[in-house]
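Subject: Structure handover

Hello,

Here is the structure you asked about. Please open it alongside this note; my findings follow.

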Amino acid sequence: MTVEIRTLRVDEIADATAAMDGVMRRAYNAPTFVAQIGWYSSVQPDCLVVATDGETIVGTGCGIAYPDAGFGWIGVIATEPAYERQGIGKRITEHVATILDGLGCASVLDASLAGEPLYGRMGFVDHGPTRVMAVDPAVAVGSSVAGGSSVAGGNVGAGSGAVGGAVDGAGSGAAGGAVVVPGGAVDGALVTVMSSTVFPATELSATSAGDVADVAAYDASVFGADRSELLRLLVHDHPGRSAFVRSASGAVAGFVIAQHAVIGPFAADDSDALRALLAFAAGLPWDNGARICVPPESVHLPTLVELGCHTVRELRNMRRGIDVLPGRSDRYAGRISLGIG
Ligand SMILES: CC(C)(COP(=O)(O)OP(=O)(O)OC[C@H]1O[C@@H](n2cnc3c(N)ncnc32)[C@H](O)[C@@H]1OP(=O)(O)O)[C@@H](O)C(=O)NCCC(=O)NCCS
């Protein structure tokens with residue numbers, strides 16, 4: 001039977017999710033992709049692509065466009081193992097790239113070892129390694145003493161006590177320890193972590209919608225594109241696992257969202273901000289350890305290594321139609337995921 005490549009209609013996505021997840025799980029040999037599929041379908045529902053053999057989904061790929069920045073991300077390209085080496089992976093990738101192109105976006109992806117030769121022949125250019133690093137909480141949390149970090153801010157929602165305790169227990173506390181703020185000021189929970197050089201604790205005793213907007217603007221300045229909708233989803237889905245720092249001037253100087261297995265997005269202006277945020281994130285509860293997907297341009301790699309992170313896997317960051325990404329990508333320490341950027 002002929003394998004067809006097509007974009008899912010929005011009304012098909014819910015029913016197709018389990019089958020797509022199945023193909024991805026078998027292709028990548030990983031536990032689940034449901035959260036990733038959910039992000040794509042929330043933010044870019046017109047860019048979920050499948051290969052079908054009759055009624056059966058045998059290949060997948062997704063894209064997310066950042067039209068204000070002129071690039072988009074391609075991810076979770078997967079071919080059912082029994083269908084490999086028939087050109088399906090290439091056709092799916094081209095299909096996703098064509099959708100992104102129609103939205104004014106060049107294509108960026110992090111290629112696995114299996115995907116790299118394929119993308120190379122499709123005209124994607126290698127821009128260096130994206131490293132997946134494992135975090136050693138004992139080192140990362142302890143290091144915040146050297147970084148002089150302190151907890152200053154409020155947390156809203158579930159798990160706040162544990163979060164405050166985790167960071168405070170890291171040897172900080174110069175500004176008075178964690179303040180748990182009752183009530184829900186924002187959708188989800190941002191925890192403010194301050195470095196020793198920032199305002200008095202009282203000025204940041206509660207998070208607010210304004211803080212979330214400031215963090216989204218900061219993320220846009222680093223990533224190069226507006227991802228506020230994605231950030232809101234992530235903060236909401238990971239209550240008590242987000243934090244940001246402000247510099248002495250009051251400007252946001254870094255932020256992190258700790259997902260269930262990945263610390264990212266994660267960005268920081270300098271190594272002090274990085275240390276404070278990593279100490280916060282690493283001190284949270286983790287079921288199976290934490291990973292950080294570090295982009296090739298990141299200036300933070302040496303600090304992450306110093307803080308006990310070590311590379312467990314390398315991918316190649318590849319781009320077609322764009323050479324230099326906008327923003328301050330050297331300040332980016334950890335991706336949301338390998339498929340989203
Ligand atoms: C990487 C992956 C998507 C490739 O899927 P695929 O459908 O086999 O891809 P293609 O068939 O388009 O290309 C794969 C190879 O088959 C070759 N090929 C294509 N059509 C062919 C045909 N008719 N006969 C023989 N070989 C063929 C291609 O030239 C390519 O060769 P290469 O491996 O030397 O580069 C798939 O192996 C996979 O899902 N891997 C696990 C997940 C993963 O790593 N995804 C990529 C993330 S970036």
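**What was found**

Isoleucine 322 sits in the loop that runs between β15 (310-320) and β16 (332-334). Helices (H or I, at least four residues) and strands (E, at least two) are DSSP runs, numbered from the N terminus. Residues are numbered from 1 along each chain as its sequence is written. This is a predicted model: local features need pLDDT of at least 70, side-chain atom pairs count only at pLDDT 80 or more, and totals for chains, interfaces and linings use all residues.

Isoleucine 322 has 17 C-beta neighbours inside 10 Å, so it counts as partly exposed. The cut-offs: buried means 20 or more other C-beta atoms within 10 Å of a residue's own, exposed means 12 or fewer, and partly exposed is in between; C-beta atoms are placed from the backbone. Isoleucine 322 and phenylalanine 124 are 198 residues apart in sequence, yet 9.6 Å apart in space, C-alpha to C-alpha.

**Helix α3**

Buried residues of α3 include Ile88, Gly89, Ile92 and Thr93. Seen down the axis of α3, the buried residues fall within an arc of 165 degrees, so they line one face of the helix. The arc is that of the directions from the helix axis to the C-beta atoms. Just after α3, glycine 104 takes a positive phi of about 80 degrees.

The largest nonpolar core has 91 residues. Such a core is a set of buried Ala, Val, Leu, Ile, Met, Phe, Trp, Tyr and Cys residues joined through C-beta atoms within 7 Å. Val256, Leu277, Ala281 and Ile292 have the most contacts inside it. Helix α10 (residues 271-282) gives the most to this core: nine residues. Domain 1 (3-123) and domain 2 (137-334) both contribute residues, so the core lies between them. The domain bounds come from an automatic or database domain assignment. α10 is mostly covered, with 11 of its 12 residues buried.

Best wishes
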